[in-house]
Amino acid sequence: LLIKDALMDCYKCTRRTLQLYNEIDVERTLNLLRIVDFNKTIRVYNNGSNGRKSVDVTFFMNGHLLGSACMLFHAKDEKEDLNIFYTGDYKKENIFFDAKPIPQWVYKLPMNLIVESTYGTSDSADIEYTFQKNVIRATRRGGTVIIPVIALERTEVVLYNLKQMQRDEILDTNIPIFLVGKLAVQYLHVYHQKNSLVKSRLGLINDAINFIPKNFSVVSGENIDDILWSRKQMIVLATPGMMTQGNSYNFIMKHIENKKDLIQITSYVASEFGKKILNAERGEELTFTNNHRAMVKAEVEQTNEFSAHAKRDELYNDVIRKFENIKCLTIVHGEPEDRRSFAEYVKSQKGFSKDTPVIIGDKNKKIIYSNNGPKEVYEKLENIEPLIIRIRETKRKNYKFRQRKNRNSKKRNSKKR
């Protein structure tokens, strides 16, 4: 339901830069997909009929997003068994579906654990619930609210909260709410599922999926310009959430010089544009791409209350602490500062064995935290960019070869006629 749209959108966003795949690759990938139930172990490698050398994988539900999974790999040969548990992007719970807990038998295995660290420097107590307050303040002064949203699930979470605000009569239902973004709309239809069989298969919670607020509309095509240039008060959800380009960028630039308006950021900011407007003082003039200048008069706020990632105390208490025999802990998927901070946090916990090594990667080295403190081990790592360029060049040559072959084939066929 989701993967084709996601892969195609990524292809379209990267086709002018370092493109790794094309539309044909997407179709080939989809043909290779195999749907597997959660908590069901499947064998992905088997050497010999006796199964002495094999690799099994089991997927467990993860509250990060719809369809997210933690993965348990079990590899064995004649000498030993090896267990690897990878959290992926992780969150324990989700408002749209019931994320079943990881079975207890998994925690009893001797385990090599790989854990994400997106929020390795923050705890759940650090969350500030400011979204409602910010939106109410802006709408009551007559301002428009622009909310950059990640297409998958952040859109639905924001709409869910706006509906709750309408229900509690703190948000005027006369203010129109618009969603702008093709991929976000495609995902919206999946979450707002009416087919009972699909709902059951996805594990969607009935109460939560009725998240569409009153006076809500989806905007596409030529109608986007009508909303962009409208002077009426409104709430606009626009993708992409990172504000790198596209609709969210355009709507922000249109409203950033209006002092009544609010730019409400709901995710981590990685783009230079996002960081600029977030760190700017009101009244400060900024220069953007193509030497476009704008004065930041609108209120710009950020909230982390909708994050789909667990904070470091949640990762430790809900995942790491539950494993009874951790052989090694590897920390991944976070900024270098987040990974280092999370490693030190884990090593400082009373319940964590001081003999268990904790490993993080940092550019061309890995840092191993042991009883003797952190030790840096340098490794020669290949730069991936030349590899990507070679892949693109090969694809381009193959494409041109196919074009010539097709042209020659057409010429031969025309001569025969």
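User: Which residue forms a salt bridge with Arg141?

Analyst: Good place to start! Keep in mind that this is a predicted model. To read a salt bridge, look for a side-chain nitrogen of Lys or Arg within 4 Å of a carboxyl oxygen of Asp or Glu. Here Arg141 pairs with Glu299, and their closest N and O atoms are 2.8 Å apart. Arg141 sits in the loop between helix 4 and strand 6, while Glu299 belongs to strand 13, so the pair ties together parts that are 158 residues apart in sequence.

User: Are these two residues buried or exposed?

Analyst: Residues under 20% relative accessible area count as buried, and those over 50% as exposed. Glu299 has 6%, so this residue is buried. Arg141 is partly exposed at 27%.

User: How many salt bridges are there by this rule?

Analyst: The count comes to 11. Another one joins Arg43 and Asp56, with the closest N and O atoms 2.7 Å apart. Arg43 is in strand 1 and Asp56 in strand 2, so this bridge links parts 13 residues apart in sequence. Asp56 is buried at 12%, whereas Arg43 is partly exposed at 40%.

User: What about disulfides: how many does a search of the whole structure find?

Analyst: In general, a disulfide is a covalent bond between the sulfur atoms of two cysteines. The search here finds zero.

User: Which residues form a negative surface patch?

Analyst: Asp77, Glu78, Glu80 and Asp81 make up that patch. Asp81 lies in strand 4, which covers residues 81–86.

Terms used
Residues numbered from 1 in each chain as written. Predicted model: local features only at pLDDT ≥ 70, side-chain atom pairs only at ≥ 80, totals over all residues. Heavy atoms only, no water. Patch = residues over 30% accessible without salt bridge, like charges linked within 9 Å, V, L, I, M, F, W, Y side chains within 5 Å. Areas by Shrake-Rupley, 256 points an atom, 1.4 Å probe, with all protein chains shown as cover. Lys, Arg positive; Asp, Glu negative; His and termini not counted. Charge placed at Lys NZ, Arg CZ, Asp CG, Glu CD. Helix = DSSP H or I, 4+ residues; strand = E, 2+ residues; numbered from the N terminus. Disulfide = S-S within 2.5 Å. Buried < 20%, exposed > 50% of the residue type's maximum accessible area, 1.4 Å probe, protein only.
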